[in-house]
Amino acid sequence: MQLSDEQRWQAVQARDTRQDGKFVFAVITTGIFCRPSCPARHPLRENVRFFPDAGAAQEQGFRPCKRCQPTKHDATPVVERIRLACRKMSESDKPLPLAAVAQAVSLSPYHFHRQFKAVTGLTPAAWQRALRAQRLREGLVAGKTVTQAVLDAGFNSFSPYYRQAPEALGMTGKQFRQKSARQSLYWAVGETPLGRCLVARSELGICAVLLGERDTELAIELHGLFPATQCLPADLAQDPLLYQALERLAELQTKGDAFLAQLPLDIRGTVFQQQVWQQLLRIPYGETRTYQQVAAEIGRPAAVRAVASACAANKLALIIPCHRVVRHDGLLAGYRWGVARKAALLAQERSHKQNTQLEEESVDEPVRR
Ligand SMILES: [Zn+2]
């Protein structure tokens, strides 16, 4: 439907974003043309000429307005402008006034506020508060001091922070930082007969044992397994649990694994995974089970594939002996830390078991005689 010039003028005066892209208006005294919603001060009606689009205005020698940029994003959908506004606000390191954001996306403050709320469900001010709260949380989790995190999050003084922090974090910054520090993981790497071995612990116990060739790869694997948790290298001299765990894992092949049961564990996984892993812990040293057997033992005989996935998802190499699960045809199938390592481990366990049995028999002999 074609608008009359009178209707167009009304749209300009209302800075009606719905008319953007449908026509432009040019000002003969300045030589500039604008989109209907341009936030600039309105010219006198008598100096205004209307054109169906930017091209027609340019043909008549008018230049596009630098504020509303009528040639650039002609008919930019409102949602696109709101997205742009969100980007502007998140790129700014301090809160932006409503008028500045509205102007940046060529909407009147009034329309911008209304459209923003319609699209995001939040007012621009509430959106920026949520953004600062998120930055504050991230800063504190990353180990910044409370002061630094508050400033970096865009709180320009401490008084609004103290008013808003309990709402944003559910607690004060200091409490949050202490809590997230307690939730951090600490890790260390040591040498075992199977290569490099990373052990990580939480407050509750050992939560990861990973095998590999290079320490950096192990650290990357750990961060991938616990993406939401801060993983910090430990000082072994101050960390008896990690020290003990690494020492025992290094001796695993000469001493068996009975002592591993004494290490406190923090086993993290789904209910099903936990069920499978608990079952693996019951497989004696030197023996193997098939995926089918494990599935049957946990009462889910049809869940063979799910059992295999749970084995592959094991984060506690050696401690939860997923290497003792093999295919029913005797093939080793996969191992998260390499089939060669699995083969070496099983061969070692078998020979160690035979040696121990021989020793027991020879000890028994004199008694029998
Ligand atoms: Zn303009």
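Trainee: Are Arg-201 and Asp-239 buried or exposed?

Mentor: Arg-201 and Asp-239 are both buried (under 20% relative accessible area; exposed is over 50% and partly exposed lies in between, with a 1.4 Å probe and protein chains only). Keep in mind that this is a predicted model, where local features need pLDDT of at least 70 and side-chain atom pairs count only at pLDDT 80 or more, while totals for chains, interfaces and linings use all residues. Residues are numbered from 1 along each chain as its sequence is written, and side-chain values use heavy atoms, leaving out hydrogens and water.

Trainee: What do the side chains of Arg-201 and Asp-239 meet in?

Mentor: Side chains of opposite charge can pair when their charged atoms come close. Here Arg-201 and Asp-239 form a salt bridge, at 2.8 Å from N to O (the term needs a side-chain nitrogen of Lys or Arg within 4 Å of a carboxyl oxygen of Asp or Glu). Arg-201 belongs to strand 6 (residues 195-201), while Asp-239 sits in the loop between strand 8 (231-233) and helix 11 (240-250), so this pair ties together parts that are 38 residues apart in sequence. Helices (H or I, at least four residues) and strands (E, at least two) are DSSP runs, numbered from the N terminus.

Trainee: How many salt bridges does a search of the whole structure find?

Mentor: The search gives 13. One of them joins Glu-349 to Arg-324 at 2.8 Å, N to O. This pair links distant parts of the chain, with Glu-349 in helix 16 (residues 339-368) and Arg-324 in the loop between helix 15 (304-312) and strand 10 (325-326), 25 residues apart. Glu-349 and Arg-324 are buried as well. Another salt bridge pairs Glu-217 with Arg-214 at 3.1 Å, N to O, and Glu-217 is partly exposed at 41% relative accessible area. You will also find Asp-20, Arg-35 and Arg-81 linked in a salt-bridge network.

Trainee: Which residues are the protein donors of the zinc ion?

Mentor: Look for the SG atoms of Cys-34, Cys-38, Cys-65 and Cys-68, which lie 2.2 to 2.4 Å from the zinc ion (donors are N, O and S atoms within 2.8 Å of the metal, or 3.2 Å for Na, K and Ca; water is not among the atoms, so sites may look incomplete). Along the chain, the zinc donors follow the spacing C-x3-C-x26-C-x2-C. Cys-65 is buried at 9% relative accessible area, and Cys-68 is buried at 0%.

Trainee: Why is the arrangement around the zinc ion tetrahedral?

Mentor: Ideal angles at a metal are 109.5 degrees for four tetrahedral donors. The four donor atoms around this zinc ion subtend angles of 105 to 122°, so the arrangement is tetrahedral (all angles must lie between 85 and 135 degrees).

Key:
Four donors count as tetrahedral if all angles lie between 85 and 135 degrees; four count as square planar and six as octahedral if opposite donors are over 155 degrees apart and all others between 65 and 115; anything else is irregular.
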